[in-house]
Amino acid sequence: MLRADEITVRYGSRIVLDRLSFEVAPGEIVGLGGPSGCGKSTLARVLALMLRPDGGRVSVDGTPTPGWRQRAPRALRTSVALLYQQPRLAVDPRLTLAEIIAEPLAAAKLPRDRAAELAERAGLTPDLLTRRPHEVSDGQLQRACLARALTLRPRYLVCDEMTTMLDASTQALLVGVVRDYREEEGAGVLAISHDQVLLERWADRRAELSGAGSRPVTPSPSPVPRSRS
Amino acid sequence: MTTSAPADRLGTRPATALDVRDLTVTFRLPGATVQAVTQASFEVRPGRCLALVGESGCGKSVLAHALLGLLPGNATVSGSALLDGGLDLLAARPDVLARQVRGRRIGLIPQSPATHLTPVRTARAQLDEALRELGSAHTAAELAGRFGLREADLDRYPHELSGGMAQRVANAIALAGDPGLLIADEPTSGLDRPLVDRAMGVLRSLCDEGRAVLLITHDLRAAERVADDLAVMYASRLVEVGEAAEVLERPRHPYARGLVDAQPDRAFRPIPGMPPELTALPGGCAFQPRCLQAVAACSAVPDLEEGVACHVARR
């Protein structure tokens, strides 16, 4: 279980998340919606252990994240992967796509053999892998970011508006890759989007975050049965 | 031709606001040529919105930049694009486009308004500048009110504006010179759905005032909300053109059908494969390698006839 207990986050004097509790179970896809500025992306970063909350705690499969200062410990950090809305802001522009995908493996000093397979699954052809970000489209770059997110086999995946910039076909492909990963690895997924139609199709259950600074705890009322082809 | 009819866009209207014929754009790169737009022909009428849709990198934005004369120096352009039946935008001198066309006769609603605005000046300073340069009769307060901005919002810097507010400021600037034709280049990317709906509502009302709108987007649902006509672009060519409702309901080109079916409220199924590189387009129909219905005839490039460029769809 990826779990946030009574999380509070402030930016200056502004309270963005106020004692929010939220959880994602292994193998489930939770869709999170809510208006702009309600704290969806902040919650994404807290759950991905990229942002330390001002109050409350996050635990991963029962392991509490201790009182880290700059970064959470690597073993915990790599068990949750985060995908951003804008792939161009999420990659090093000097690297090739192959290097971008293999980055987590290099950092973890693991062999790079898995990178090619993930790239293929994300629909990237070998000729694209030798290019750098400015030589590919947003859709192609986001495919690389998704492959990169999966290289270390995270137990949880947080997708923050992953497909907002993309056309319908690329969106359907990437959502399919995430679903397959969930099926194969039993990973839990938090899918954040303002697109209700997309979440209805993608998620097993849905939650809604209300306005900024309010009490946004809205666990999903009725879990949707999890049946996927 | 460098002159055209006087600017009575919203009074007595010509039949077409923009008539594009065989627009072709290539870019010369070291060791390669990018075929960005190939023989695109379409028209935009006053009071109507044409949405140009397609995957990222298919040439949509290049087409818009060609019409505005904003392509880089390594671009080669051919074809014609008549504005209000007169001035050919593709043949016009750069100073004519700068002094008489952009802002006055064609307004641009940019992608990512927050980054389009100058970060070190307030919204008001930028709107005032547009009004002054264009010699506009409008006032900043009036335009702000029209797009639902408060006076106080105008005194903010771009980083202090939300995405929706930055969009409104960009709209106000685009409308400062009362252009008869608006080109909106991915105006909704990065906005959430309620803001997309609102932005589309604004475009629709601008159309209903008699302006012509060319909307460039990858978002079919946004297009569906506002467009009267739809053009589907694939690998630099228009592959299907028709009434928006008709194309979205009964797409004829296999690519258009794939795009419609990929939406989450439809089959939610991706089109297999990836679009070709614009530096290495396949011979014949560019969609053929991804097309499940391809036949022998597809090795020849199909012309756009009766609204569709496909050997199979026309049979």
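Modeller: This is a predicted model. Let us begin with its largest nonpolar core, which has 173 residues. Leu215(B) and Val232(B) have the most contacts inside that core.

Colleague: What is Leu215(B) in contact with, leaving aside its neighbours within four places in sequence?

Modeller: Its partners are Cys49(B), Ala51(B), Leu52(B), Ala184(B), Leu203(B), Ala223(B), Val226(B) and Ala227(B). For each pair, a contact needs C-beta atoms within 7 Å. In soluble globular proteins, nonpolar side chains tend to be buried together.

Colleague: Why is Glu249(B) called exposed?

Modeller: Count the other C-beta atoms within 10 Å: Glu249(B) has 10. The cut-off for exposed is 12 or fewer. Therefore Glu249(B) is exposed. The residue is found in helix α10 (residues 244-249) of chain B. Glu249(B) and Val260(B) are 11 residues apart in sequence, and their C-alpha atoms are 8.5 Å apart in space.

Colleague: How do you know that chain B agrees with a compact globule?

Modeller: A compact globule of 315 residues would be near 20 Å, and chain B has 20 Å, so the value agrees. The C-alpha atoms of chain B fill a box of roughly 60 × 45 × 45 Å along the principal axes. Buried residues make up 50% of chain B. The chain has 11 helices and 10 strands.

Colleague: What links chain A to chain B?

Modeller: Contacts do: 22 residues of chain A touch 24 residues of chain B. On the chain A side, α7(A) gives the largest share, 6 residues. By class, that side has 7 nonpolar, 11 polar and 4 charged residues.

Colleague: Where in chain A does pLDDT stay under 50?

Modeller: Over residues 213-229 of chain A. The model still has 28 contacts for them beyond four places in sequence. Where pLDDT is low, the predicted coordinates should not be read in detail. Chain A as a whole has a mean pLDDT of 87, and 90% of its residues reach 70 or more. Among its elements, strand β8 (residues 188-192) of chain A has the highest mean, 97. Helix α2 (residues 74-77) of chain A has the lowest, 84.

Methods:
Residues numbered from 1 in each chain as written. Chains lettered and ligands numbered in written order. Predicted model: local features only at pLDDT ≥ 70, side-chain atom pairs only at ≥ 80, totals over all residues. Contact = placed C-beta atoms within 7 Å. Helix = DSSP H or I, 4+ residues; strand = E, 2+ residues; numbered from the N terminus. Nonpolar A, V, L, I, M, F, W, Y, C, P; charged D, E, K, R; others polar. pLDDT = per-residue confidence, 0-100. Core = buried A, V, L, I, M, F, W, Y, C linked by C-beta atoms within 7 Å. Buried ≥ 20, exposed ≤ 12 C-beta atoms within 10 Å, placed from the backbone. Rg over C-alpha atoms; globule rule 2.2 N^0.38 Å.
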